[in-house]
Amino acid sequence: MFNAVHLKCKNIWMCLTLAAMLLLFDGLPQVYAFKMTAKLISNHNYPVEEHTVHTNDDYILTMYRIPDSPKLRYHNATVKPVVFLQHGILCASDDWIINGPETSLAYMFADMGYDVWMGNARGNTYSRQHKHKRPDSSDFWNFSWHEIGVYDLTAMLDYVLDETRVGSVHFVAHSQGTTTFFVLMSSMPWYNEKVRTVHLLAPIAFMRNHSFVLSKVGGIFLGYPSFLSMVLAGFELLPTTSVQKLFCEYICSPNSHFKFLCSGILNFIGGWGTRHLNHTLLPHVCETHPAGASTTQIIHYLQLYTSGDFKQFDHGIHLNLKKYNQETPPHYEVSNVKSCVNLYYSNNDYMSAVEDVEYLASLLPCADLYRIPYDDWNHYDFLWSVNVKEMINDRIIEKIEHYEKTHDHLHRM
């Protein structure tokens, strides 16, 4: 039996080694990042489209679409239901496909006749462009997940709706993708009308019971406005480096005797002791992760952990007055979320604690909770466990299929 409150690290030296490796990846020269989504989809003989989306603040994002399935070659549906998939922090669209055609959620949806779209947030491998700013400048990285919610998600959802000519989509997200959903629907509640069903894996909003050890340490120094948090904000976090490429080739390879270090990083961050991770996926996970982010995203999460509240970025009293016209940042009003939200959570998730998810659910007008019946299921098992199809993907598809059968309108535009 696993206790999700305590760190499952076998010894302190393992924890320190893994933390040092994460820092090492961040401090070395960047190399050209792996861009795998389109290649992997094509390799499995599925059609794939790449779409470029411009946000209102001039970031340039890349989305991927699987419009059809080779298993439905003679399927002639005139209007397909649309599903939109949004990744978590330091992740990308690859999350939804690296399990392969039989198990990955994106392929499963395509095989069921859905029009599948996968988003990529600003700053990750696929979305490192801006109309005026370069990714080697700090100006480019001056954003948090708030901006991803109000700018990136709005731009991507509007683009998908315009391209598909439907009025609403099914929305699925993991980790930070769930945070940005709550940001958007709280801040711009008219977007509730643009989603049909909502499925949030390892949801993160309140972080009062968050148990990741580095957050406990980081919160002391960066969990409130300070000179240090100001200095460290606005930088690129964990881009692809030359050492990471070597790590993937020699540590995470199928025949490596050190694969435990590869899986150890995921366990260290997401929840120690899982028996569900599909270890055959580790080379692919390593090739595509971490996908890059801004340090401000991490600092914003640390502020949530320290304050216990779900609110906008705290710049300090002086800047808060200029930005928000009040001394403290505004809270996100999750009661504005009008969609009925399906929340999938687990006991051994260091990022998304059971108590926090259930407290969040109590504030939502409509929430359906599904708690994974395994005490060792962690943050990344929602994506890459050996039984993710049965535990997560089949359940999501069943709910969406039921909705489609009982709601015969696609809100065609």
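In this report, Ala, Val, Leu, Ile, Met, Phe, Trp, Tyr, Cys and Pro count as nonpolar, Asp, Glu, Lys and Arg as charged, and the others, Gly among them, as polar. The model is predicted, so local features need pLDDT of at least 70 and side-chain atom pairs pLDDT 80 or more, while totals for chains, interfaces and linings use all residues. Residues are numbered from 1 along each chain as its sequence is written, and side-chain values use heavy atoms, without hydrogens and water.

**The second largest pocket**

A pocket is an open set of points on a 1 Å grid over the protein atoms alone, where a 1.4 Å probe fits, with protein on both sides within 12 Å along at least five of seven lines; lining residues have an atom within 4 Å of a point. The second largest pocket has a volume of about 380 Å³, a volume being the space filled by probe spheres set on the points. It is lined by 17 residues, of which Asn-142, Ala-233, Thr-296, Phe-313 and His-315 are the closest to its centre. The lining comprises six nonpolar, eight polar and three charged residues. At least two lining residues come from each of helix H7 (227–232), helix H11 (295–307) and helix H12 (317–324). Helices (H or I, at least four residues) and strands (E, at least two) are DSSP runs, numbered from the N terminus.

**Aromatic pairs**

Rings of Phe, Tyr and Trp (its six-membered ring) pair if their centres lie within 6.5 Å; planes under 30 degrees apart count as stacked, over 60 as edge-to-face and the rest as tilted. The structure holds 24 such pairs, and two of them are tabulated here.

| Pair | Centre to centre | Angle between planes | Class |
|---|---|---|---|
| Tyr-64 and Tyr-126 | 5.5 Å | 80 degrees | edge-to-face |
| Phe-171 and Phe-181 | 5.1 Å | 40 degrees | tilted |

Tyr-64 lies in strand S2 (residues 59–66) and Tyr-126 in the loop between strand S4 (115–118) and strand S5 (129–130), so their pair ties together parts 62 residues apart in sequence. Buried means under 20% relative accessible area, exposed over 50%, and partly exposed in between (1.4 Å probe, protein chains only). Tyr-64 is buried at 4%, and Tyr-126 is buried at 3%. Phe-171 is also buried, at 1% relative accessibility, as is Phe-181, at 0%.
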